[in-house]
Amino acid sequence: MRRRSFLLGAATAAAAGSVGYWRSHVVETTPDVHYPGMQAGHALRDKAALPHPSGTRQHQVAILGAGVAGLSCAWKLAREGFTDFVVVQGPEFAGNAAAGQRDGLDYPLGAHYLPLPSLASTHVREMLADFGILEHGAGDARPYYDEAVLVHSPQERLLRNGRWEEGLLPMTGVPDADAAQHRRFLALIDQLRTQVGNDGRKVFCIPLELSSRDPAWRALDGLTFKAWLTQEGYTSPALHWYLNYCCRDDYGARHDEVSAWAGLHYFASRDGHAANAGEGAVLTWPGGLAVLADRMRDAITKQLGHPGWLLQGTAMRIDEL
């Protein structure tokens, strides 16, 4: 037998064995549906009588919610040496970045990846460097990241009219005029990623506070994304479907409800790059961004020397003394 035939045969047998093993260990699971904060949210909506608080705490700073935003604030305070603060966890630790585990496998319950932070996102880069995720070059346009969590952004496939298409925005299988609109929109986004207003600031930036205040660009907040698209000659049904999907995914609202500025910001503010990855790469973990929440919690506890800064439950009332 020739060596090539032997290797191909061995590989086929191994693959078949793997498939058989996998099929023999399929386990059906009963899904669990959790509604963290639902009861409290409904009580607030219905203006129900609030329960009596179980206790009181007095601090210079109170942070409500242990999601990514609240934990980031606490992490920064602790890192700068400020200690008189408390974080009231709320209904779920990590909030939209929470994760679960089943049979030893982590899975995200919400946010599952982090786009590479641009140069303007110094606070995010600082945190990633602290945790060893950004290995070096925090001040460079293209830092070097830990390759264990650096992956190319997966592209969805869409079953449209009985055929599979690569990506959610088709370039084939649609009228030529529509495909031309798709390319024109993507080229515009590439241009807007580096667009600067008359005040010298990037038009679309993360953090939002650093975005341009140029009135000409801020006027985009005065009309909906859908109206702006139509005004600019973007009439492709596939393009409108895609952008409406993105707005619902990111903002929880349709593109005829989201402002044009917000709709464009969704795309144009992502301007991060890596020295050791191609364009479109993201940072991710099996449990999504819960890993970052856990690392912030551990870093804060280590800095303060105790875990008492994080309180379970929900704040009933805050009084300023």
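1. Helix α8 (residues 237-251) has 15 residues and should span 21 Å at 1.5 Å a residue; the end C-alpha atoms of α8 are 21 Å apart, which agrees. The expected span is 1.5 Å times one less than the number of residues. Helices are DSSP runs of H or I with at least four residues, strands are E runs of at least two, and both are numbered from the N terminus.

2. This is a predicted model, in which local features need pLDDT of at least 70 and side-chain atom pairs pLDDT 80 or more, while totals for chains, interfaces and linings use all residues. Residues are numbered from 1 along each chain as its sequence is written, and side-chain values use heavy atoms, without hydrogens or water.

3. Just after α8, Gly252 takes a positive phi of about 70°.

4. The whole structure holds 10 aromatic pairs, counted when ring centres of Phe, Tyr or Trp (its six-membered ring) lie within 6.5 Å. Phe225 and Trp228 form a stacked pair, 6.3 Å centre to centre with 25° between the planes; stacked requires planes under 30 degrees apart. Both residues lie in α7, three residues apart, and both are buried.

5. Tyr242 belongs to one aromatic cluster with Phe185, Phe225, Trp228, Tyr234, Tyr266 and Phe267. Arg270 lies over the face of Tyr266, at 5.2 Å from the ring centre; the criterion is CZ of Arg within 6 Å of the ring centre and within 35 degrees of the ring normal.

Note on methods. Phe/Tyr/Trp six-rings, centres within 6.5 Å; stacked < 30°, edge-to-face > 60°. Buried < 20%, exposed > 50% of the residue type's maximum accessible area, 1.4 Å probe, protein only.
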